[in-house]
Amino acid sequence: MRADIIRRIIGAYDDPIVRAYCWARFWVLRQRFLDEIGQYLPESGPVLDVGCGFGLFSLYYAAAGPGRFVRGVDVNGRRIAMARRAAARLTIDNVAYEEADARNFKGDGEVVAAYMLDIVHHIPPDTVPPLLGRLHGCLPSGGVLLVKDVDTRPAPKRWFTWTLDKLMAPATPVRYWSAEELGAALRAAGFEVRRHAMLDFLPYPHILYIATKRS
Ligand SMILES: C[S@@+](CC[C@H](N)C(=O)[O-])C[C@H]1O[C@@H](n2cnc3c(N)ncnc32)[C@H](O)[C@@H]1O
């Protein structure tokens with residue numbers, strides 16, 4: 001059933017290159033990982049996807065949780081246009097997309113949860129702590145921010161991921177955070193932090209931070 005959602009989402013994009021990217025992305029963050037991340041998302045209420053790209057995962061979590069309303073923001077207007085078109089084609093109406101730069105995110109309105117999937121390493125490092133602070137401000141006490149990113153260790157896995165990042169988007173800056181560094185930034189923003197190691201047979205040093213707003 002959920003694999004069917006993934007197939008339907010990929011089929012909603014016209015461009016074969018985008019479809020190939022989607023297959024690759026859903027292969028990297030495949031069903032098992034989507035479930036590992038999704039278990040921490042509330043079943044209902046407004047959820048924010050920061051750096052949603054083409055909307056793959058916002059569409060997935062919206063389709064898998066009809067009680068959610070997922071709002072995706074991304075700095076890339078073309079990706080946002082494609083996300084909107086895919087949502088319309090799939091008649092998934094519990095999503096909305098907005099072209100916006102996360103660095104200017106003001107935190108308008110409360111959400112029950114927010115997530116960032118492979119975004120932190122693409123944002124200038126000095127802009128990450130203020131963004132975490134503003135996301136903290138959008139959440140209720142006990143609300144959760146999920147950050148899936150790439151650890152700096154072990155080094156061979158980091159180099160593998162760096163090579164793929166550079167192949168996918170050569171001009172996009174990449175700066176990975178160590179688990180200690182990003183954990184400390186989340187704690188400084190007011191979160192309690194747990195780490196969930198997403199162990200993969202592929203050489204990705206995935207790491208999921210479950211950051212809960214302290215009461
Ligand atoms: C590796 S892609 C991940 C996209 C999506 N989260 C996913 O997992 O498929 C990184 C995304 O971050 C977006 N991005 C980079 N800098 C951003 C910024 N300052 N504000 C919002 N989005 C940004 C890019 O446009 C791109 O769509």
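Asp101 places a polar side-chain atom 2.8 Å from a nitrogen atom of the ligand. The model is predicted. The protein buries 89% of the 590 Å² that the ligand exposes when taken alone. The fold includes an open sheet of seven strands.

**The shell around the ligand**
- The ligand is surrounded by 17 residues.
- Arg25, Gly51, Asp74, Asp101 and Ala102 are the closest of them.
- By class, the shell holds seven nonpolar, four polar and six charged residues.

**The sheet**
- Strand order is β3-β2-β1-β4-β5-β7-β6, and the pairing is mixed.
- The edges are β3 (95-99) and β6 (191-197).
- Each edge strand has a single partner strand, so one side of each is left without a neighbour in the sheet.
- On average, neighbouring strands of this sheet are turned by 20 degrees against each other, direction ignored.

**The β1-β2 pair**
- Strand β1 covers residues 45-50, and strand β2 covers residues 68-74.
- These two strands run in the parallel sense and pair over six bridges.
- Within this pairing, Val47 stands opposite Val70 in β2.
- Asp74, a residue of strand β2, is among the residues closest to the ligand.

Note on methods:
Residues are numbered from 1 along each chain as its sequence is written. This is a predicted model: local features need pLDDT of at least 70, side-chain atom pairs count only at pLDDT 80 or more; totals for chains, interfaces and linings use all residues. Side-chain values use heavy atoms; hydrogens and water are left out. Two strands pair if DSSP finds at least two bridges between them. Helices (H or I, at least four residues) and strands (E, at least two) are DSSP runs, numbered from the N terminus. Axes are lines fitted to C-alpha atoms, for helices over the stretch in contact, and angles run from 0 to 180 degrees between N-to-C directions. A residue is near a molecule or strand if one of its heavy atoms lies within 4 Å of it. A polar contact is a pair of N or O atoms within 3.5 Å; within protein, one must be able to donate a hydrogen and the other to accept it, and residues adjacent in sequence count only if both atoms are side-chain atoms. Accessible areas come from the Shrake-Rupley method with a 1.4 Å probe; for residues, only the protein chains shown count as cover. Ala, Val, Leu, Ile, Met, Phe, Trp, Tyr, Cys and Pro count as nonpolar, Asp, Glu, Lys and Arg as charged, and the others, Gly among them, as polar.
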